[in-house]
Amino acid sequence: MTAAAERPKRRENPGIQRFISGGRAESLSAEEILGWGLENFHPRIALSCSFGAPEGMILLDLMHRIQPASRVFVLDTGRLPQATYDLIDRVRDRYGKSVEVIFPRARDVESMVREKGLNLFFESVENRQLCCRIRKVEPLNRYLHDLDAWVTGLRRDQNVTRANTPKIEIDESHGGIVKINPIADWSSDRVLEYVGDRGIPINRLHSQGYPSVGCAPCSRAIVPGDDPRAGRWWWEDPETRECGIHTGEEEGGSGI
Ligand code: SF4
């Protein structure tokens, strides 16, 4: 008997399936949804936090208050700005939490930069997507493989492609695990209000004009009036600006 057969995945529990398909989560608060997720899946549930958007920091705070041993992970692409690394260490100090830092496969990165150079992403959309695949998508898939559920900071008003984001869904693109988006119905004003009220630590680059902070070479500050996503992969046409982490949705401000 295999280990997998000995331990049925909790996401396959009929009660959990009924809860998700019944749509009850839509009337619940972020705290209630996280409480449900942690009760049913901990420790096989983790928050995806980029440390480059306030949404992930809010969820980290909420989850920590419900379950101090709740898990949080970040994809370290190897190209993150120093401000993001500093924030990760601030979280360790403030919450006493060890953040799970997930790296890309060294051999894949080495082979990519040997063949295409260190700044390949500026040369073509294909190169940029390859870099995102190797540094983000593959590590995420590898990490999620061992989980039954993950939590994201996706919000419906971030982008038209996110307008129908449910608070809980089955994530078919990651093996049918449960994907929980507890603040899907929050506005950006509510996010900022919560951060201020609770004194949540956030990335210092937000105060320098970065609405969301991703990899250093692929993020830049915007000016008032710009689309909030204008600072991400700004050299590309808007329709190609996605990294493949949230299938069918654009990345950014998502907790990754
Ligand atoms: S955001 Fe830029 S540096 Fe980061 S993985 Fe994608 S292409 Fe590479």
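Colleague: How many helices and strands does the chain have?
Modeller: The secondary structure comes to eight helices and six strands. One thing to keep in mind is that this is a predicted model.

Colleague: What pattern do they follow along the sequence?
Modeller: Reading along, you get α-α-α-β-α-β-α-β-α-α-β-β-β-α. The radius of gyration is 18 Å, close to the 18 Å that the globule rule gives for 256 residues, so the chain is as compact as a globular protein of that length.

Colleague: And what does the C-alpha trace span along its principal axes?
Modeller: About 50 × 50 × 35 Å. Of the 256 residues, 38% count as buried.

Colleague: What share of the contacts with a separation of 6 or more comes from residues 24 or more positions apart?
Modeller: That share is 72%.

Colleague: OK, confidence next. What does the pLDDT average over the chain?
Modeller: It averages 90, and 91% of the residues score at least 70.

Colleague: Where does it stay under 50?
Modeller: Residues 1-6 are one such stretch, and the model gives them one contact beyond four places in sequence. Residues 248-256 are also below 50, but that stretch has 41 contacts in the model beyond near neighbours in sequence. Where pLDDT is low, the predicted coordinates should not be read in detail.

Colleague: Good to know. Changing topic: how many residues are in the largest nonpolar core?
Modeller: There are 48, and those with the most contacts inside it are Ile45, Leu47, Leu59, Leu60, Ala149 and Trp150.

Colleague: Which elements give two or more residues to this core?
Modeller: They are α3, β1, α4, β2, α5, α7, β4 and β6. The largest share is from α4, with six residues.

Colleague: Let's look at α7. Where is its kink centred?
Modeller: On Arg133, within a helix that covers residues 125-144, and the kink is about 45°.

Colleague: Which residues of α7 are buried?
Modeller: Arg128, Cys131, Cys132, Arg135, Lys136, Pro139, Leu140 and Leu144.

Colleague: Why would residues three or four places apart in an α-helix point the same way?
Modeller: An α-helix has 3.6 residues a turn, so residues with that spacing point the same way.

Colleague: And what do the buried residues of α7 pack against?
Modeller: Their partners are β2, β3, α6, β4 and β6.

Colleague: β6 again! Which way does it run relative to β5, parallel or antiparallel?
Modeller: Antiparallel, with four bridges joining the two strands. As one example, Ile170 has Val178 in β6 as its bridge partner. The two strands form a hairpin with five residues between them, and Gly175 in the turn has a positive phi of about 75°.

Colleague: Why does Phe51 count as buried?
Modeller: Because it has 27 C-beta neighbours inside 10 Å, and 20 or more is enough to be called buried.

Colleague: What about Trp233, buried or exposed?
Modeller: Buried, because 27 other C-beta atoms lie within 10 Å of it. Trp233 is in the segment after α8, and its phi is positive too, about 45°, although it is not a glycine.

Notes. Residues are numbered from 1 along each chain as its sequence is written. This is a predicted model: local features need pLDDT of at least 70, side-chain atom pairs count only at pLDDT 80 or more; totals for chains, interfaces and linings use all residues. The bend at a residue is the angle between axes fitted to the seven residues ending there and the seven starting there. A residue is buried if 20 or more other C-beta atoms lie within 10 Å of its own, exposed if 12 or fewer, and partly exposed in between; C-beta atoms are placed from the backbone. Two residues are in contact if their C-beta atoms, placed from the backbone, lie within 7 Å. A nonpolar core is a set of buried Ala, Val, Leu, Ile, Met, Phe, Trp, Tyr and Cys residues joined through C-beta atoms within 7 Å. Two strands pair if DSSP finds at least two bridges between them. The radius of gyration is taken over C-alpha atoms; the globule rule is 2.2 Å times the number of residues to the power 0.38. pLDDT is the predictor's confidence in each residue, from 0 to 100.
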